[in-house]
Amino acid sequence: MRSLLTHPYVLVFVGGGAGSLLRYATGKLMPTTFLGISFPTATLVVNVIASFVLGSVMGWVLSRTTGEEMRLLIGVGFCGGLSTFSSFSNDTVALLQSNRPGAALVNIGLNVTLCLLASVGGLWLGQKTA
């Protein structure tokens, strides 16, 4: 039974399911407006969280000789299920189609900048906890 629970495909499947459920719940619970205007806030939030968590996991794993199971469960599965580049892309296109190029640029800028900062911060934290 233990070998089944630690099988790479099972780890990715379980982590991905948990991440996807959290992404869905975040989309349902977060407001669709930011500062009084319609904005894809939930997608931005889950992408930043996933970037931070993935950075932390990778920082932790890179400083050890073990950790492949955690990388698969959390890094590949959970973060892969939680983050959503396709939704980010779709949200940006929808903003452009709604004749809101400024909001589309803000969405791109915030996603790229905040996710990179979250990744770096997570990597730093993961290495510090090693």
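**Exercise 1.** At roughly what angle do the axes of helix α2 and helix α4 cross? Then work out how the two helices meet.

*Solution.* Keep in mind that this is a predicted model.
- Start by finding the helices: α2 covers residues 8–29 and α4 covers residues 68–82.
- Next, follow their axes, which come within 6 Å and cross at roughly 35°.
- Now check the handedness: the crossing of α2 past α4 is right-handed.
- Then look at who touches whom. On the α2 side you'll find, among others, L11, V12, G15, G16 and L22, and they face a set in α4 that includes L72, L73, V76, G77 and F78.
- Finally, sort the residues of this contact by type: 11 are nonpolar, six polar and two charged.

**Exercise 2.** How many helices and strands does the protein have, and in what order do they come?

*Solution.* 
- Count first: there are six helices and two strands.
- Now walk along from the N terminus, and you get α-α-β-β-α-α-α-α.

**Exercise 3.** Describe the protein as a whole: what are its spans, its surface and its buried share?

*Solution.* 
- Go along the principal axes: the C-alpha trace spans about 50 × 30 × 20 Å.
- For the inside, use the cut-off of under 20% relative accessible area for a buried residue. By that count, 32% of the 130 residues are buried.
- Last, take contacts between residues at least 6 apart in sequence: 70% of them join residues at least 24 apart.

Note on methods
Residues are numbered from 1 along each chain as its sequence is written. This is a predicted model: local features need pLDDT of at least 70, side-chain atom pairs count only at pLDDT 80 or more; totals for chains, interfaces and linings use all residues. Side-chain values use heavy atoms; hydrogens and water are left out. Axes are lines fitted to C-alpha atoms, for helices over the stretch in contact, and angles run from 0 to 180 degrees between N-to-C directions. Helices (H or I, at least four residues) and strands (E, at least two) are DSSP runs, numbered from the N terminus. A crossing is left-handed if the near helix is turned anticlockwise from the far one by less than a right angle, and right-handed if clockwise. Contact means heavy atoms within 4.5 Å. Ala, Val, Leu, Ile, Met, Phe, Trp, Tyr, Cys and Pro count as nonpolar, Asp, Glu, Lys and Arg as charged, and the others, Gly among them, as polar. Buried means under 20% relative accessible area, exposed over 50%, partly exposed in between (1.4 Å probe, protein chains only).
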